[in-house]
Structures are given as C-alpha cells and as structure tokens.
Amino acid sequence: MGYKSSNREAASDTVTQGCPLSALLYSLAAEPLAQLIITDRHITGITTPAQRHIKIVQFADDTNLFLKNSEQVDSVITHLDTFCRASGARVNTEKSQIMFCGSVARPPNIWGFEEAQESIKVLGVYIGSDAAAARDKSWEGLLAKLPGQFGLWKMRGLTLRGKVVVTNSLILSKLTHTLAVHDLPNAILAKINNLITTFLWKGKRSSTNTRSLSFLSQIRHSDKDWSTQKTPHHTVRRATWCMQLNAARNAQIST
C-alpha cells in the first residue's frame with residue numbers, strides 16, 4: 001500500500017473448499033503453463049476453419065492441447081515437467097487422454113496416456129471425427145442423468161411453481177452448454193419433454209395438463225364471461241402455469 005512493500009506473511013493454511021477465490025487463484029497458478037506453451041514457436045497448434053490458431057484451452061484444472069505432430073507433444077511434455085517441478089503439481093495420467101485425428105499415420109503412443117478412439121470428452125461434451133456419433137454420445141450421457149435429478153426433487157413435495165423454477169433454472173440450464181456445441185435431435189427432445197411432463201404433473205398428463213390447457217384455450221378463444229362460472233380455482237392456476245412453462249420452454253429451445 002502507498003507504493004511500499006508489505007511485510008512478508010508465511011502461508012499457514014490452504015484455501016477452503018467452496019471459497020469463491022479458489023478458481024481465480026488456480027487460474028493465476030496455471031497461467032505460467034499456458035504461457036510456456038503459447039510462447040514456444042516450435043508448438044504451432046492447429047488452425048480452425050474460422051482461421052483461429054489454437055494451442056491450449058484451459059478451464060480451471062482442465063487443460064486441453066491441440067497439437068500438430070508427435071514432436072510438439074514431446075515439447076509439451078517438457079513444458080509440463082518444468083511446470084510441475086516449479087509448482088509442485090503433477091499430471092494425472094490415469095485421467096489424461098490423447099486422440100489422433102486426420103489421415104496421417106498414427107505414431108506410437110509412447111507418452112503413457114490413454115488413447116481415445118473415435119471421440120474425446122472436452123469440458124463435458126464429446127467431440128470427435130464422427131460428429132453425429134459424438135453428438136449422440138453427449139446427449140445420451142446427459143439424458144441418463146436427468147431421471148435421477150428429477151427424482152431427488154420429487155421427494156421434496158414442491159408446489160407447481162417450485163417445480164417450474166427447478167425445471168427452468170436447474171434442469172434446462174444444463175442443456176445450454178451442450179447446445180453450444182451440438183444440435184438437439186428430435187428423439188432426445190421428446191424424451192426430455194416426457195421427463196419434464198412426468199415431473200410437473202406426476203405422470204397424470206391426460207387428467208391434469210391436457211385438461212388445464214384445454215380450459216385455458218376455451219377462455220382465450222371465447223367471448224363467454226368466465227368470471228361468473230364456477231370453475232375450480234386450482235384448474236385456472238394450473239392452466240396459467242402450463243402456458244407460462246410452455247412459453248419458457250419454447251424460448252429456451254429457440255435460443
């Protein structure tokens with residue numbers, strides 16, 4: 001402070017789990033590795049169809065490298081060794097994978113990484129030489145988790161309003177990350193819609209959801225004065241929430 005150095009303070013404790021500073025501090029600690037690779041002129045990386053040059057992509061402790069040949073892999077291994085000796089970190093080879101792409105003959109895998117064949121998982125999304133297969137694998141993995149997540153919230157006895165909030169903020173939000181990479185097949189969309197309907201209406205789609213939507217449709221397309229009718233209040237509320245949910249889901253899908 002005031003252009004003067006502060007007194008030295010010995011680090012006596014680690015960052016607690018869940019601390020909001022932990023991700024930022026790790027980014028600062030991992031940045032030297034990125035700079036070693038980015039500034040190495042012998043590592044050219046790859047060029048995307050959009051003419052963007054990529055060597056390394058990092059997110060927290062997840063690092064993905066895009067290299068052109070085995071010589072560049074050797075250079076990266078050297079930089080990793082330097083970084084690990086300086087920082088005390090180490091590469092978890094059991095969770096690290098390497099994938100060879102293109103028509104060039106594959107060199108022998110002498111680095112000890114697990115070799116991925118057709119697709120590799122990058123930040124929760126599969127990419128690979130077969131785009132359709134990688135897309136289906138990504139959506140199937142996500143779809144397999146949804147029943148369990150819905151099941152946990154079913155036990156909480158939520159109101160319809162609460163279920164809508166959970167569906168929009170905690171369930172549908174999980175789709176946006178994958179949608180940034182892959183399109184959503186109609187078959188997967190139908191399964192997701194079925195899970196949402198079962199969660200909201202406890203599987204009673206014909207007796208609740210359809211009747212409520214039908215009732216609201218009558219209101220919107222009729223000149224009849226419904227304020228004088230003896231319509232159950234809960235039916236009106238269900239119909240209103242049906243329309244709001246459908247509008248939210250349509251907006252989510254269209255974007």
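**View A. Arg-85 counts as exposed, at 60% relative accessibility.** Exposed means over 50% relative accessible area, buried means under 20%, and partly exposed lies in between (1.4 Å probe, protein chains only). This is a predicted model: local features need pLDDT of at least 70, side-chain atom pairs count only at pLDDT 80 or more, and totals for chains, interfaces and linings use all residues. Residues are numbered from 1 along each chain as its sequence is written, and side-chain values use heavy atoms, with hydrogens and water left out. Arg-85 pairs with Asp-81 in a salt bridge, with 3.1 Å between the closest N and O atoms. A salt bridge is a side-chain nitrogen of Lys or Arg within 4 Å of a carboxyl oxygen of Asp or Glu. Asp-81 is partly exposed, at 43% relative accessibility. Both residues sit in helix H2, four residues apart, or about one turn of the helix. An α-helix has 3.6 residues a turn, so residues three or four places apart point the same way.

**View B. Salt bridges with shared partners join Arg-135, Asp-136 and Asp-183 into one network.** The structure holds three salt bridges. Arg-135 meets Asp-136 in one of them, at 3.1 Å from N to O. Asp-136 is partly exposed, at 30% relative accessibility. Arg-135 also forms a salt bridge with Asp-183, where the closest N and O atoms are 3.4 Å apart. This pair links distant parts of the chain, 48 residues apart. Arg-135 lies in helix H3 (residues 131–154), while Asp-183 lies in the loop between helix H5 (173–179) and helix H6 (186–201). Asp-183 has a relative accessible area of 47%, so it counts as partly exposed.

**View C. Helix H1 carries a kink of about 35° at Ala-30.** The kink comes shortly before the proline Pro-32. The bend at a residue is the angle between axes fitted to the seven residues ending there and the seven starting there. H1 has 17 residues and spans 24 Å from its first C-alpha to its last. That is close to the expected 24 Å. The expected span is 1.5 Å times one less than the number of residues. Ala-30, Leu-33, Ala-34 and Ile-37 are buried in H1. The buried residues of H1 pack against strand E3 (56–59), strand E4 (62–65) and helix H2 (70–87). Helices (H or I, at least four residues) and strands (E, at least two) are DSSP runs, numbered from the N terminus.

**View D. Val-15, Leu-21, Leu-24, Leu-25 and Leu-28 make a nonpolar surface patch.** The patch covers about 490 Å². Patches are made of residues with over 30% relative accessible area and no salt bridge; like charges are joined within 9 Å, and nonpolar side chains (Val, Leu, Ile, Met, Phe, Trp, Tyr) within 5 Å. Accessible areas come from the Shrake-Rupley method with a 1.4 Å probe, and for residues only the protein chains shown count as cover. Leu-24 lies in helix H1 (residues 22–38). With a relative accessible area of 55%, Leu-24 is exposed.

**View E. Val-73 is buried, with a relative accessible area of 12%.** Val-73 belongs to helix H2. Setting aside residues up to four places away in sequence, Val-73 touches Leu-67 and Trp-111. Touching here is contact, with heavy atoms within 4.5 Å. The C-alpha of Val-73 is 10.0 Å from that of Ile-98, which is 25 residues away along the chain.

**View F. Thr-167 is buried, with a relative accessible area of 0%.** Thr-167 is part of helix H4 (residues 160–171). Leaving out neighbours within four places in sequence, its contacts are Phe-150, Leu-172, Ile-196, Phe-199 and Leu-200. Among the buried residues of H6 are Ile-196, Phe-199 and Leu-200. Ile-188, Ile-192, Thr-197 and Trp-201 are also on that buried list. H6 has 16 residues and reaches 22 Å from first C-alpha to last, close to the 22 Å expected. Lys-202 follows H6 with a positive phi, near 55°.

**View G. The protein chain has eight helices and eight strands.** Of its 255 residues, 27% are buried. Among contacts with a separation of 6 or more, 53% join residues 24 or more positions apart. The chain exposes about 18000 Å², with carbon and sulfur atoms supplying 54% of it.
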